[in-house]
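Try each one yourself before reading the solution.

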Amino acid sequence: MHSAVKYIVNELNKPPYNKRFNIVSFDSLSSEDLLQVVSDVLGELDASHKVDLRIEVPEQTIVRILSFLRVLKYRPNSEISPQVFRQGLLNGDKHIIHPILEWLLKNTKDLQKRAYLGKYLVKLEIPNEILTDVDIYNIYEQYESLVENFKAVHKESEAIENSGVNINELRNDLTAMENERDIVIKRLEQMSRKIDNVSNKDQILKAVNQLRLERDKKKEILTQLSDEIAALHSAQQRYNRLSQQLMEIKKATVGATPQSLMSKLEEEIQVTDFIVKDKLASNVAASTKKYLVFLLWGFLISGNIFTVLMMTIGIGVVLCAKLIARVLMLTLYREKQMELVKAGGIDMLKGEDFKDYIAKLKQRNLVYKQNRAVLSALKSETGVLQRTVDLLNAKSQQLGVPEDVSAHINPSVSIAMALTRNISPFKAMMFVAAQCGGGIAGAALLYGCFQTAVMQRIQEREKVGRALKEQHKQMKDSQEQSVRQKLLWTNLLRLFEVKQKSLEALKKNEGTLHLDSEHRVQTLILN
């Protein structure tokens with residue numbers, strides 16, 4: 001450890017740090033000063049880390065240093081857990097910071113290169129929810145391609161640096177090229193002196209220049225011709241593909257009329273309405289009546305406070321079940337009603353889109369099955385509560401509670417009995433206080449036991465309703481886009497037919513051309 005501290009002090013006293021430490025002064029540094037030294041060393045690797053820690057939040061400092069160490073690929077001792085390492089760095093622990101400084105100072109050159117590459121090669125972490133946006137996804141793909149291009153360019157630059165190219169060799173090559181240029185200039189001067197005595201020198205030079213221009217034009221024309229042929233081939237393939245799509249759309253719309261589609265949707269609405277309004281409501285009412293009779297019978301038989309509490313819980317369970325059933329019933333009925341209204345206000349779906357839409361409507365029958373599962377769960381909970389009542393009754397018998405003890409839970413009855421002097425005023429006040437307290441306790445118990453479950457079920461159904469609305473909106477947009485595309489291609493097909501008829505008419509209008517040599521007039525005589 002002493003040798004490591006000595007090495008750190010020696011390196012920090014050298015440029016570019018120039019700290020002027022000794023072993024004693026460095027060892028006596030506070031945690032804030034040690035973190036400042038680490039930040040200064042990191043600042044030499046990357047200028048963005050030259051920060052005064054007195055004006056920076058400690059948590060932000062730790063996050064910045066940890067992120068940069070991760071880019072530099074620093075690995076602490078395997079015996080130190082990540083939590084201990086982070087806490088030690090936050091507290092400025094010498095046993096954590098000294099190994100970091102030693103590693104940074106020993107590998108400064110390599111770390112400078114790694115820090116430079118880390119600016120461009122460490123990819124940004126973007127959540128998948130944000131990448132669902134098309135524009136952001138395209139920009140992220142461009143960013144990844146630029147990162148790959150940077151890797152390739154950096155490898156090429158390193159290869160050039162490591163290829164052993166010498167500056168003196170480059171200078172010699174430049175000198176040789178200048179000598180060759182002088183030789184070419186001398187040859188041009190000799191050729192100009194030779195052709196000075198030629199009489200038609202200017203005409204020959206003009207003809208040669210024109211020949212060179214014509215050759216360049218020929219190359220450009222050949223290039224344009226190849227481009228046009230490729231564009232024509234691409235347009236022909238696109239035309240064939242779109243024609244095939246148009247034929248498929250026509251086949252899908254054969255036999256589908258608005259009346260038939262409307263009748264199918266109305267039948268689906270009637271079936272769902274029967275399930276929601278009649279069958280489910282009757283099942284809930286029967287179950288509610290059965291539970292109320294069962295609990296009242298148990299109360300009349302036992303008449304103790306435990307049975308009163310269990311009766312309150314059972315009534316709460318039944319009311320919750322009824323509330324859930326009513327919410328689900330209204331949700332399903334309103335969804336079907338809104339779908340029918342919207343279907344009457346827009347063009348009906350056709351082909352595969354309509355089949356997918358009908359399949360989704362059929363899948364909603366699963367909601368009814370889920371409601372039945374909820375009712376069965378409530379029934380099982382009622383059985384558990386009844387078992388609890390039996391256990392409490394058995395416990396009361398063991399404790400010696402008389403079976404003929406009766407009670408009532410209505411404070412008005414206690415007040416009436418006090419007014420008629422059947423009980424004393426003191427007992428009446430005690431009864432009223434106990435009854436009100438029991439009612440408040442029962443209500444609090446019900447709220448604590450079932451409020452979260454009921455609200456969670458309601459929120460789940462609301463989410464399902466919103467998701468279905470979003471799906472319907474997306475289907476509507478896609479259907480409108482398909483209709484517009486069909487109209488566009490129909491118009492295009494009509495335009496092609498008109499052009500074909502025009503060409504056939506031009507072919508049929510053949511004639512005889514008469515030339516008047518005296519007046520130089522051409523006359524077309526149609527047959």
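The exercises below concern a predicted model.

**Exercise 1.** Find which residues touch the most other members of the largest nonpolar core, and which element gives the most to this core.

*Solution.* Start with the core itself: it has 32 residues, and L12 and F26 touch the most other members. Next, look at who contributes two or more residues: α1 (2-12), α3 (31-45), α4 (58-71), α5 (82-91), α6 (94-106) and α7 (108-121). Of these, α3 gives the most, with seven residues. Now zoom in on F26: leaving out residues up to four places away in sequence, F26 touches V5, I8, V9, L12, F21, L34, H98 and L101. A second, separate core has five residues, including I324, V374, L375 and L378.

**Exercise 2.** Work out whether each partner in the salt bridge between R54 and D52 is buried, partly exposed or exposed.

*Solution.* First the distance: the closest N and O atoms of R54 and D52 are 3.0 Å apart. Then accessibility: R54 sits at 75%, and over 50% means exposed, so R54 counts as exposed. D52 has a relative accessible area of 28%, so D52 is partly exposed.

**Exercise 3.** Locate the salt bridge between E102 and K106 on its helix.

*Solution.* Both E102 and K106 belong to α6, and they are four residues apart, about one turn of the helix. Their closest N and O atoms are 2.9 Å apart. For another pair, check E11 and K14: here the closest N and O atoms are 3.6 Å apart, and K14 is partly exposed at 44% relative accessibility. The structure holds nine salt bridges.

Key
Residues are numbered from 1 along each chain as its sequence is written. This is a predicted model: local features need pLDDT of at least 70, side-chain atom pairs count only at pLDDT 80 or more; totals for chains, interfaces and linings use all residues. Side-chain values use heavy atoms; hydrogens and water are left out. A nonpolar core is a set of buried Ala, Val, Leu, Ile, Met, Phe, Trp, Tyr and Cys residues joined through side-chain atoms within 4.5 Å. Buried means under 20% relative accessible area, exposed over 50%, partly exposed in between (1.4 Å probe, protein chains only). Contact means heavy atoms within 4.5 Å. A salt bridge is a side-chain nitrogen of Lys or Arg within 4 Å of a carboxyl oxygen of Asp or Glu.
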